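Biologist: Hi! Could you walk me through this one while I have it open?
Modeller: Happy to, let's bring it up.
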Amino acid sequence: MKLLLNGERVVLPDDIVTVSDVLKHYEVHNKVVVVELNGKILTKVEHQSTRLSDKDKIEIVHFVGGG
């Protein structure tokens, strides 16, 4: 599957079909993240059920602590 992820074109394995799969693939599934898919912000509950399509645009923002 080809996606535009955080402004970068990526090709992901065929077994990635949901937003949750993408988060696991990039190892941010256990972090607090905000996900926007094609201009719509998704709730955490939607990550598991939202299926992706070729050429979707996804933005993932995660928070980093520090001082």
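Biologist: What volume does the largest pocket have?
Modeller: The largest pocket comes to about 210 Å³. Keep in mind that this is a predicted model.
Biologist: Okay, and which residues lie nearest its centre?
Modeller: Those are L23, H29, V33, K44 and H47, out of 14 residues that line the largest pocket.
Biologist: Switching to the largest nonpolar core, which residues touch the most other members?
Modeller: In that core of 16 residues, they are L3, V19, V22, L23, V35, I58 and I60. Strand 1 (2-5), helix 1, strand 3 and strand 5 (57-62) are the elements giving two or more residues to the core.
Biologist: Let's pick V22. What is it in contact with, leaving aside neighbours within four places in sequence?
Modeller: V22 is in contact with L3, L12, I16, L52 and I60.
Biologist: New topic: where is T18 found?
Modeller: T18 is in the loop between strand 2 (8-11) and helix 1.
Biologist: Does T18 count as buried or exposed, and why?
Modeller: T18 counts as buried because its relative accessibility is 9%, and the cut-off for buried is under 20%.
Biologist: Nice. What does T18 touch, not counting residues up to four places away in sequence?
Modeller: T18 touches H47, Q48, T50, R51 and L52. H47 also came up among the residues nearest the centre of the largest pocket, and L52 among the contacts of V22.

Methods
Residues numbered from 1 in each chain as written. Predicted model: local features only at pLDDT ≥ 70, side-chain atom pairs only at ≥ 80, totals over all residues. Heavy atoms only, no water. 1 Å grid on protein atoms, 1.4 Å probe; cavity = no way out; pocket = protein on both sides within 12 Å on 5 of 7 lines; lining within 4 Å. Points joined across faces, edges and corners; volume = space filled by probe spheres on them. Core = buried A, V, L, I, M, F, W, Y, C linked by side-chain atoms within 4.5 Å. Buried < 20%, exposed > 50% of the residue type's maximum accessible area, 1.4 Å probe, protein only. Helix = DSSP H or I, 4+ residues; strand = E, 2+ residues; numbered from the N terminus. Contact = heavy atoms within 4.5 Å.
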